[in-house]
Amino acid sequence: MDGALVSRRYLELLAREASAVEFEGPIIAARAAGADPAMIEELEQAKVEALKVRELLKRRARREAELSALYDTAGDLAALRDLDAVLEAIVHRARQLLATDVAYMTLHDPEQGDTYMRVTDGSISAKFRALRLAMGAGLGGLVAQTATPYSTADYFADSRFRHKEHIDEAVTEEGLVAILGVPLRLGQRVIGVLMAANRSARPFHQEEVSLLASLAAHAAVAIDNARLLQETRNALEELSQAHRVAREHGEAVERGALAHDRMTSLVLRGGGIEDVAAVVTDVLGGSLAVLDDLGRPLTGDVGELDAGVFEAAQASRALGRTVRRGDLLIASVDVGGEPLCTLILRSDDADERILERAALVCALLLLFRRSVAEAEGRVRGELLDDLISRPDSPGLADRARRLGVDLHAPHVVVVAKHGGQRERAAFWASSQAALRHGLAAGRGDEVVLLLPGENAGRVAQNVATELSASLHSPATAGASKATLDGDAAGDAAGDAAGDVAGDVAGAYQEARRCAEALIALGRAGDGASAAELGFVGLLVGDGRDVLGFVSRVIGAVIDYDARRGTALTDTMAAYFGSGGSPSRTAEAMHIHVNTVTQRLDRIGKLLGDGWLEPERALEIQLALRLHRLGHTSTP
C-alpha cells in the first residue's frame with residue numbers, strides 16, 4: 001500500500017466525518033494483508049495526523065456554531081422586545097452549545113442582598129426553580145460574590161464554597177453533579193450568574209468557560225438594554241401623563257371658572273341656593289342635595305342618608321376638600337368650627353373642585369342670609385325687650401306692624417333656658433320668630449320668644465324639642481299665654497299696644513318660672529306651661545304667693561337653720577323621702593339615728609303638735625318641694 005493510497009483513505013474518512021474508531025480501519029487492513037512494520041508505522045503516523053485534522057475540524061465546527069449562536073443572540077438584542085424571551089433564548093443556547101442537562105440564570109436582588117432564579121432550561125424540580133442563593137453560598141453564590149467563573153466536576157465533593165442545606169436539597173432534587181457558573185457583569189458590578197450543569201460528573205474546558213462567559217456578557221447587555229428601554233418608556237409615559245394631566249387640569253380650570261362665573265352672576269342677580277344647585281347639576285350632571293347646619297335638606301334629594309355620609313361631611317370640613325363615599329361626592333363648609341352647609345352630589349365621575357366652589361358660594365349665601373336674619377333679629381329682639389321691660393314706650397304697635405307681627409292676635413310667650421351656645425340659640429330663635437311672624441330676644445342663658453298661638457304647653461314642647469336638636473344639648477322651655485283684652489281690642493292702636501305689652505311682661509315672668517320649675521323638677525329638655533306642672537303650676541302661675549306659703553308652713557324651721565347653721569330642713573325632707581323611717585333617714589344622711597330623733601323633736605317643737613298628721617304632712621312636703629325650687633317662686 002503506497003502513501004498516496006493511505007492519504008486518500010484518511011481524506012475520505014475526514015470528508016464523511018467518520019468516528020475516531022474508523023481511523024483504525026486502514027491499519028487493521030494493512031496488518032491483515034501482511035504489510036511490513038515500516039508500512040504499519042507510516043500508517044500509524046498518518047492516522048495520528050488525520051485525527052489531529054479531525055479534532056481541528058471539529059473544534060472549528062464547534063467554534064462556528066458558537067459564533068453563530070453569539071451572532072443570533074446579538075440579533076435578538078438588536079430586536080429586543082421582550083426581555084424574558086431574550087434571556088430564555090440565551091439560557092437555552094448555553095445548554096445546547098455546552099451539551100449540558102440544565103442551564104439557568106440567577107439575578108441579584110438588591111433589596112434582600114441575595115440572588116434568585118430568573119430563567120431555567122431543562123429543570124424538572126420546582127424547589128430548584130424557586131431557589132435563592134445568598135452571597136457566597138453554593139457555587140452560584142460564590143461566583144456572584146467573587147465575580148469570577150467557577151466550575152466543579154462533582155458539586156457535593158467540592159469544598160471551595162459554603163454548602164447550605166436548602167441549596168443542597170434543591171440540587172439533589174434536580175440531580176445535578178457537575179456545575180459551571182460565570183458572572184453577569186455590568187462594568188464592575190455583578191448583576192447575576194449564568195450557569196450550566198450536568199446530572200453526571202464531567203470537567204468543563206476553558207473553551208466552554210469562555211463560551212458561557214460570552215453568552216453571559218450578551219445577557220448582561222440584554223438586561224441593561226431592557227432597563228434603559230424601560231426607563232425610556234417610563235419617562236415617555238410620565239411625560240405623556242404629565243401632558244395629559246396638564247391638559248385635563250387646564251380644561252378643568254376653565255370649566256370651573258365658567259361654572260364659578262355662572263354662580264357668581266346668579267348671586268349678584270339675587271339668586272338663591274336652588275339656583276346654584278341648578279348650575280352644579282347642569283355642569284356636572286347627577287343629582288345634588290344641599291343640607292343646612294343640622295343636616296336638613298335645603299334643596300334637592302339624594303335619598304336616605306346613613307351615618308357614614310355625615311362622617312364623610314365631617315371629614316370634608318376637616319380636610320377642606322371633597323370626600324367621596326361610594327357614588328356620592330360630599331363637600332362641606334364650616335365657620336368657626338360649626339358646620340354651615342353640606343353639598344351631596346350623586347355622580348360616578350364629576351369635577352370635585354366645581355363642587356367645592358359651589359359649596360363656598362352656598363356658604364356665602366347662607367352667611368348673608370344669617371347676617372340679614374341677625375339684623376332683623378336685633379330689631380325684633382329690641383321690640384320684645386321693650387314689650388317686656390318698657391311697656392309704656394310709644395309706637396310699639398307700629399313697630400310690630402312693620403315686622404309683620406299682629407299684637408291683637410293671641411300669642412304665647414316662651415322662655416327657653418339652655419346650657420350655653422348663646423349665639424346659636426339666639427340665631428335659632430330669631431329664625432323661628434321670622435318664620436312664624438313673632439318676636440325673639442336673647443337674655444343671658446335664655447331666649448325669649450313671642451309666637452302666635454293659644455296652646456302654651458304645646459308651643460313650649462315644640463320649642464324645647466327643636467332648640468335641643470339645634471344645640472345638640474337640652475333646652476328647657478316654659479310658656480304662658482299672652483292675649484289682648486277683648487275690650488282693648490277696640491281701642492286706639494297705641495292703647496291696644498300698651499295693653500298687650502303689659503300682658504307680655506306678666507306672661508314672661510310666668511313662663512320663666514315654669515322653665516326654672518322644670519329644671520328644678522329634673523325635667524331639663526322638656527317644655528310646659530303652668531297647666532302641665534300640676535300642683536307646682538298652681539303656685540308658679542301668675543298671682544300666686546309662693547314665698548308666703550312656704551314661710552307660713554315651714555318658715556320657722558328655715559329661719560332656725562339660718563340662725564343656727566343646722567340642717568333641720570334637709571332632715572325633714574329626707575325623713576319624708578324615706579317613708580317616715582328614722583333609720584333610713586339616718587342612713588341617707590350618713591348620721592346616727594339618735595341624731596335624727598333629736599332633730600325631729602326639734603322640728604316638732606318649731607312646727608307645733610300635729611305636724612305629722614296627713615293633711616299637715618302633705619302641706620309641709622309641698623312647701624319643702626317649693627323651697628327646693630328656690631328662686632322659681634320669686635316674681
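## The chain as a whole

The model is predicted, with local features needing pLDDT of at least 70 and side-chain atom pairs counting only at pLDDT 80 or more, while totals for chains, interfaces and linings use all residues. Residues are numbered from 1 along each chain as its sequence is written, and side-chain values use heavy atoms, with hydrogens and water left out.

You will find 21 helices and 16 strands here, taken as DSSP runs (H or I, at least four residues, for helices; E, at least two, for strands) and numbered from the N terminus.

## Helix α18 with α21

Let's turn to helix packing. Helix α18 (residues 568-577) meets helix α21 (residues 614-629) at an angle of about 120°, their axes 11 Å apart. Axes are lines fitted to C-alpha atoms over the stretch in contact, and angles run from 0 to 180 degrees between N-to-C directions.

On the α18 side, T569, M572, A573 and F576 make the contact (heavy atoms within 4.5 Å). Their partners on α21 are A617, I620, Q621, L624, H627 and R628.

## Helix α18 with α19

Helix α18 also packs with α19 (residues 582-589): the axes come within 9 Å and cross at roughly 125°. These two helices are therefore oblique as well. Here D570, T571, A574 and Y575 of α18 touch P582, T585 and M589 of α19.

Technical notes. Parallel < 35°, antiparallel > 145°, perpendicular 65-115°, else oblique.
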